[in-house]
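Let's take a walk through this protein together. Keep the picture in view while you read, and look up each spot as we get to it.

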Amino acid sequence: MDPTRILPDLQCSVLCEDVRQEANGNFILIGVINAIVVPGLPVTAGRVIFFNRWTAGLGRFRETLRLVAPDQATVLSKREVNFELPHPNGHAINIAVLPNVTFHVPGTYFVEVLVDDVMKIRYPVNLVVLPPQGQPAPGTPPPAET
């Protein structure tokens with residue numbers, strides 16, 4: 001009996017600044033992000049990009065990508081896309097672009113990637129406020145007058 005449907009594995013999920021595709025079909029990930037560093041809050045990112053690659057599955061699926069705030073309850077942005085794996089040896093690449101994401105607080109945000117409502121990965125992304133040189137960090141009291 002041949003299976004008609006196999007839930008795929010998520011081979012990778014990467015937060016990056018941009019994704020380009022070469023003429024030969026290969027992808028180039030630009031600016032793989034370790035942490036989001038901003039000069040102050042709130043800040044709106046024009047777009048937040050995720051590169052997701054699926055493999056070892058068979059059938060049609062729905063990928064859901066969520067960006068969750070540090071309170072672990074607020075979903076800042078969400079994207080769903082349908083994709084197909086016609087045979088288990090193949091792969092599918094989904095590039096999720098979340099437009100105009102506003103960050104209001106520093107801390108650890110979470111990226112959740114699901115396939116057909118099954119969580120495949122949940123990973124942290126830290127947002128750090130680093131004010132320009134010479135300016136105090138948010139919450140820092142002004143220097144005492146002498």
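The protein has a radius of gyration of 19 Å, whereas a compact globule of 146 residues would have one near 15 Å. That radius is taken over C-alpha atoms, and the globule rule is 2.2 Å times the number of residues to the power 0.38. Along its principal axes, the C-alpha trace spans about 85 × 35 × 20 Å.

Before we go on, a word on what you're looking at: this is a predicted model, in which local features need pLDDT of at least 70 and side-chain atom pairs count only at pLDDT 80 or more, while totals for chains, interfaces and linings use all residues. Residues are numbered from 1 along each chain as its sequence is written, and side-chain values use heavy atoms, with hydrogens and water left out.

What about the surface? Of the 146 residues, 34% count as buried (under 20% relative accessible area; exposed is over 50% and partly exposed lies in between, with a 1.4 Å probe and protein chains only). Among contacts (heavy atoms within 4.5 Å) between residues at least 6 apart in sequence, 68% join residues at least 24 apart.

Now for the secondary structure. How many helices and strands are there? The count comes to 0 helices and 9 strands. Both are DSSP runs numbered from the N terminus: helices are H or I with at least four residues, strands are E with at least two.

Five of these matter next: 5 strands form an open sheet in the order S3-S9-S8-S5-S6, with mixed pairing. Two strands pair if DSSP finds at least two bridges between them. At the edges sit S3 (35-38) and S6 (75-85), each pairing on one side only. Strands of a sheet pair through backbone hydrogen bonds, either parallel or antiparallel. Strands S5 (residues 59-68) and S8 (residues 107-115) run antiparallel and are joined by 6 bridges. Here Val68 stands opposite Phe110 in S8.

Most residues other than glycine have a negative phi, and most peptide bonds are trans. A cis peptide bond, with omega about 0°, joins Leu41 and Pro42; Pro42 is in the loop between S3 and S4 (43-55). Two residues have a positive phi without being glycine:
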